[in-house]
Amino acid sequence: MFTAAGIHWDPTHACAMIDRADQPKRSATERVADMLEIYALYDEETAREQASRCIECPRPACVEGCPLHNRIPEWLALTAEGRFLEAAAISRSTSNMPEICSRVCPQERLCEGSCILNGKTEPVSIGAIERFINEYAFRENDLDLAHPPFNGLKVAVIGSGPAGLAAADQLVALGYAVTIFESQVLPGGLLVNGIPSFKLEKTIVGRRIEMLKKRGVKLRLGVTLGKDISLADLRRDFSAVFLGVGAQQAKPLGIPGEDLPGVLPALPFLIQKNVDFPVLDMVPIEVEGKRVAVLGGGDTAMDCLRTALRCGASEAVCLYRRDLANMPGSRKEYANALEEGAIFQFLTNPLAIEADESGAIARVRCVRMELGEPDASGRRKPAPVPGSEFTVPADLVIGAYGFDPVPFPPGSDLGQIECNSWGGMVVDENQMTSVPGVFSGGDSVRGPSLVVHAVRDARKAVEGLHRYLSSKSLPLSLVPEKP
Ligand SMILES: Cc1cc2nc3c(=O)[nH]c(=O)nc-3n(C[C@H](O)[C@H](O)[C@H](O)COP(=O)(O)OP(=O)(O)OC[C@H]3O[C@@H](n4cnc5c(N)ncnc54)[C@H](O)[C@@H]3O)c2cc1C
Ligand code: SF4
C-alpha cells in the first residue's frame, strides 16, 4: 500500500495500472500551419481515468508545489467520480483563472514536478485535468457570476494583466467597486500581448474578462497612469489602489548592430503576429522565407521561434549562451519548439549583428562558450572559448533577453513609490508599497515571472488591502456614494 511518509508500491492501484496520458497534441506539421492551440481537451472518460491515478496523499506534495496551493487532490477525486462541476468549483476557490493557468503553467516545475508519483511512475496529469474540468464548467455555464452587495468603497486597479484581473476578481468578491485602468486598448496584459495564441487563444482571455465585466468590474482602456491620470487622482477618487503594471521593457542586447533595421524586440514581433488587431503603429514584419535568429533561452525566445516558424520562416535558430540543462525556458515548450522545427545552438554567445553591403542583416557573429562554476543564481557561469568565433546566417534577429519594469514617466507623482535597484516596486509583507493604501504585485514587484505568481501576489495584496481598509475609519471624502 501507499503510505504518507515512505510510499510502498501497490501494484493494484490505478497509477500502477493506468499509464499517464497527455492531452492529444496536433501534429507539428498541422500546427505550424495556424496559430491555434496545439492541445485538444481530454474526453470525459480519459479525464476520469487520469484523475483516478492520484493516490490522495494525506500531505499532498502537489499542493505545496503549486504557488496557489490549489486543492488538487480534492478536485482530482471528484473528477475521478465524474463530478466535474464540483471539481471545477473547488479549483476556482483558490485560483482566479484556472482555465488559463492550466494552459500556461510550467506544471513540470510546479504541481506535477512535486507529485509523489515521480520516480515510481509518471506524475498525475494535473494541468490537463484542471483544463478539462474548467472548460466543462464553461460549457455548462456553471460559473461564479454572483457577487456580494457593494460595500461602499471603490478600488482602482492599474493594469489588466493576470495580476490586475485576479485582484479585480478578489476585490469584487469582497464587495468593492472596481475600476481597471489599462494603457493598452486591448485588455489582458501579456496574456494577450505576449503569450502566443498557440499556447493560449485570445478568446479564452476575452471570456474571463467578460466574466469580470458581468460581475461589475469597469474597464477604462487607453488610460495610462502617470500620463493621463496621476496617483494623486486615484488616491482622491478611490479608497485604495492596486498596481499590476508588469515589467515589459525589453532588456537591451548590448552588442554592435542591435540598432540595425531587422533587429526587433520580442514583444512587438509577438503582438504583430499573434494579435488579430494589433494596435502597434509599426510596419509589417516580413518573415516568409527568412532565416530568423532568436537571441535568448527563456519562454519568450521559445515563443518567438515557434511564431517565426508559423509565419513561414525558412529557419528559426535559437542562440543561447548556456546549455540545455541551464536554459530557463520550459522543457515542454522546448520539446514543442523542437518538434516544430526550431534549431537550438547552445553554448553560443552572440557578439555582433552584421549587415551586408546593402545594409540588410546578414549574420550574427558568435563565440562558443563553456560552463564554469555556478554563479549567485546557482547556474553555471558561461565563459568564452578563446578563438572559437563563428557566424550564423540570419535575415531577421529577435532579441529575447528578458524584461525590466518600464520606468515611471519623468515628473509623474509615481516617483514617490520606492523601487529597488532594478526598478521593481518594493512592497511589505501585505504587498503594500511605500505609499500607504497603494499595493502592488506580479511582474512589477518580482520581475518577469509566471502568470500563477501574478495571481498569487494579487490575492495576497487584496487580503492586505482589505485588512488595511477594514482597520481604518476612512475620511468621508474617500467614501464614494455609488459604485
Ligand atoms: C512572450 C511571453 C511568454 C510568456 N509565457 C508564459 C507562460 O507560458 N507561462 C507563464 O506562466 N508565464 C508566461 N509569461 C510570463 C507572464 O506572462 C507574466 O509573468 C505575467 O503576465 C505578469 O502579469 P502582470 O499582471 O504582473 O503583468 P502584465 O501581464 O505585463 O500586465 C501589465 C499590464 O499593465 C499595463 N500597464 C503598464 N503600465 C501601465 C500604466 N502606467 N497605466 C495603465 N496600465 C499600465 C500594461 O499595458 C499591461 O496590460 C510569458 C511572458 C512573455 C513576455
Ligand atoms: S497529485 Fe500526486 S502528489 Fe498530489 S495527491 Fe495525487 S499522487 Fe499525491
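## Strand β13 and its partners

In β13, Leu295 has Gly399 as its bridge partner. The model is predicted. Leu295 is part of strand β7, residues 291–295. Strands β7 and β13 run parallel and are paired over four bridges.

Strand β13 also pairs with β6, residues 263–265. These two strands are parallel as well, and three bridges join them. One link can be named here: Val263 has Val397 of β13 as its bridge partner.

## Two covered faces

Is β13 buried or exposed on its two faces? Both faces are covered. The strand spans residues 396–399. Leu396 and Ile398 lie on one side, and they are buried.

## The shell around ligand 1

Ligand 1 has 33 residues around it. Which of them come nearest? They are Val104, Glu182, Lys199, Leu225 and Gln248. By class, this shell holds 15 nonpolar, 14 polar and four charged residues.

Several elements each supply at least two residues of the shell. They are helices α10 (162–173), α14 (299–310) and α17 (451–470), together with strand β2 (177–182). Domain 2 (154–248 + 404–478) and domain 3 (252–401) each give at least three residues to the shell around ligand 1.

## Backbone contacts and cover

Polar backbone atoms of the protein come close to ligand 1 at Pro162, Ser183 and Asp443. For Pro162, the distance to an oxygen atom of the ligand is 3.3 Å. For Ser183, the ligand atom is a nitrogen, 3.1 Å away. For Asp443, an oxygen atom of the ligand is 2.9 Å away.

How much of ligand 1 does the protein cover? On its own, ligand 1 has 1000 Å² of accessible area, and the protein covers 93% of that.

Key: Residues are numbered from 1 along each chain as its sequence is written. Chains are lettered from A and ligands numbered from 1 in the order in which they are written. This is a predicted model: local features need pLDDT of at least 70, side-chain atom pairs count only at pLDDT 80 or more; totals for chains, interfaces and linings use all residues. Side-chain values use heavy atoms; hydrogens and water are left out. A residue is near a molecule or strand if one of its heavy atoms lies within 4 Å of it. A polar contact is a pair of N or O atoms within 3.5 Å; within protein, one must be able to donate a hydrogen and the other to accept it, and residues adjacent in sequence count only if both atoms are side-chain atoms. Accessible areas come from the Shrake-Rupley method with a 1.4 Å probe; for residues, only the protein chains shown count as cover. Ala, Val, Leu, Ile, Met, Phe, Trp, Tyr, Cys and Pro count as nonpolar, Asp, Glu, Lys and Arg as charged, and the others, Gly among them, as polar. Domain bounds come from an automatic or database domain assignment. Buried means under 20% relative accessible area, exposed over 50%, partly exposed in between (1.4 Å probe, protein chains only). Two strands pair if DSSP finds at least two bridges between them.
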